[in-house]
Amino acid sequence: MSNSPAVTAPKSLGSPGPKGRRISDKPNLGKPGGTNSGNANDGAGVHWVRSLGWKVVAIAIVLLIWQLASLSPLMDAGSLPGPFAVVGALIRLWGTAVYWVAIATTVKVWFIGLAICSVVGIPLGLAIGVSRGATRSTRWVIDFFRTIPTIALLPLVLLLFGPSISMELTLIILSAVWPLVIQSMYAVGQVEPVLKWVVKVFRISWLDRMRYLWAPSVTLLVTTGMRLAATIALLMTVSAEYIGGAHGLGEQLSHSENTFQRADVFAYALTAGLLGLAINLVILFLQRRMLWWHPITRGARA
Amino acid sequence: MTDSLTSQKPTNPPAAVETLLAVKNLAKNYGKFEILGDITVDVRAGEFMCIVGPSGAGKTTLLQCLSGLLAPTAGNVALRGVEVTEPPAEMAIVFQDYSRSLMPWLSILDNVVLPLRSSKMSKDEMGNKATAALEEVGLKGHLHKYPWQLSGGMQQRVAIARALAFEPAVVLMDEPFASVDAQTRSDLEDLTLRVKEHLGITIVLVTHDIDEAVYLSDRVLVLGGRPTQVVDLIETNLGGHRDQISTKSTPEFAKLRARVYQEIRSQAAPGQP
């Protein structure tokens, strides 16, 4: 009996999964100076339904304005397709292979770009963040590069690589790597100083310090950097396709525009928007799963 | 000597006391600020020593020097004759701020197991040792909870268990009970006394609470002055078994308490010429 925790202990050390996420029995959080989780969870369901309700209302209002604008005499007849026409076009496009191939191509390039950004940006940011000197001395360089509107480099990059994946990836990396670098730099500062003492005092090995102190401590800001980078990367992917002519959603958008298929233009734009939303939600979901222990996720005020 | 039935139970340990932790002419400056003056004290094996002093006396700085977290400006610290330059394997610390010193992403058990992983123990042994330590502090039923699911007092008990499982010769405690309420505080004091007795470890505890210092200690080290120096080192002689009510109502306790109080107050008086 007493052996079972011994066996499970090192295992659970490795995978801080969401198993302890719900507080099944009331925690003994009283006055004694502890973190007060309050009762943020009470009535969470009602709150969720209400907030969803308001989101639907907001969407409905936007659609209504759109419909009115498309019917208004201010627009040339037929220049702005209404929501019904766009949804019609979208449904029609769902039946075509071109549409799905475009999405797949865009997602593929986006993913490769983001992966490269992560592999380069996260270690670079962490390495800079560890050293105070490096943080200070690289500030101007990083601020300079991240404020360059990458789209301005598109002609140059296009000249170098042509309408290819290399062109797209170059643009994605040049724009999306910075939020990852910057957030990772800040993430290093999130490691609790007392815990840094703890691992020293208890002579915890270098590898264990990485796994059990540094990795969980930097997760919040690194994944936040991921979210920012993911959005920027998608933006750049579609832009590079639209302007640079690489295959994907942007290229289809441009094509529809050139052939005066206005409803299709909107349908593709809408698709890109939904893709961005989906990506954001997925990353947010993963972030919450990884940070199940974090006061932000628990709804507690630390 | 042979007919000494009367002195059957000596209040002091036998003559040959082993020095566990030797602090010699320790000084610590932060730039121009001299924090610790010239501190010399020997911590005996198996004793409970409390360090008290006015706030800002550098008690925590001293503790950090003792543990090798901070290099002294002058002098040295030796554990069993070996100079301390980094945290020694035979030393563990309980930090004041339990909400920061435990890892919220690890369960109670894993928090205690983590320091054991660098040893050559098998996983079963580590788990057993950690479980035993948690049992020692009365947390057997909470192994798989997370620190933020426990009260402050219970979290500090986890920190104590983590230190015990490490099997140190000496445990340093930095104002360990300063952030819990009064009732929890006395519970934790008694727990610490019991555990020390049971496991025969040495404890050096820093506190600003005079009652706590006198109640827990075999010897109280009073610090004061600027830079901080040893003002007094007092044998409490309050005996082995202590009780929150009866020990604290003895005249000896009151005398010791008054003595420490006066010493600290006279030291804390600002800039007398």
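Predicted model: local features only at pLDDT ≥ 70, side-chain atom pairs only at ≥ 80, totals over all residues.

A: First, a term: buried means under 20% relative accessible area, exposed over 50%, and partly exposed in between (1.4 Å probe, protein chains only). Residues are numbered from 1 along each chain as its sequence is written, chains are lettered from A and ligands numbered from 1 in the order written, and side-chain values use heavy atoms, leaving out hydrogens and water.

Over all chains there are twelve aromatic pairs. Rings of Phe, Tyr and Trp (its six-membered ring) pair if their centres lie within 6.5 Å, and planes under 30 degrees apart are stacked, over 60 edge-to-face, the rest tilted.

Take Trp66(A) and Phe266(A) to begin with. Their ring centres are 5.9 Å apart and their planes sit at 25°, so this pair is stacked. Now look at where the two partners come from: Trp66(A) belongs to helix H2 (residues 44-71) of chain A, while Phe266(A) belongs to helix H11 (residues 262-290) of chain A. (Helices here are DSSP runs, H or I, of at least four residues, numbered from the N terminus.) The pair therefore ties together parts that lie 200 residues apart in sequence. As for the surface, Trp66(A) counts as buried, at 18% relative accessibility. Phe266(A) is partly exposed, with 28%.

Next, back to Phe144(A), which pairs with Phe145(A). Here the centres are 5.4 Å apart and the planes meet at 70°, so you're looking at an edge-to-face pair.

Finally, hop over to chain B for a ring with a charge on it. Lys248(B) lies over the face of Tyr215(B), 5.0 Å from the ring centre. That label applies when NZ of Lys or CZ of Arg is within 6 Å of the ring centre and within 35 degrees of the ring normal.

How values were computed
Helix = DSSP H or I, 4+ residues; strand = E, 2+ residues; numbered from the N terminus.
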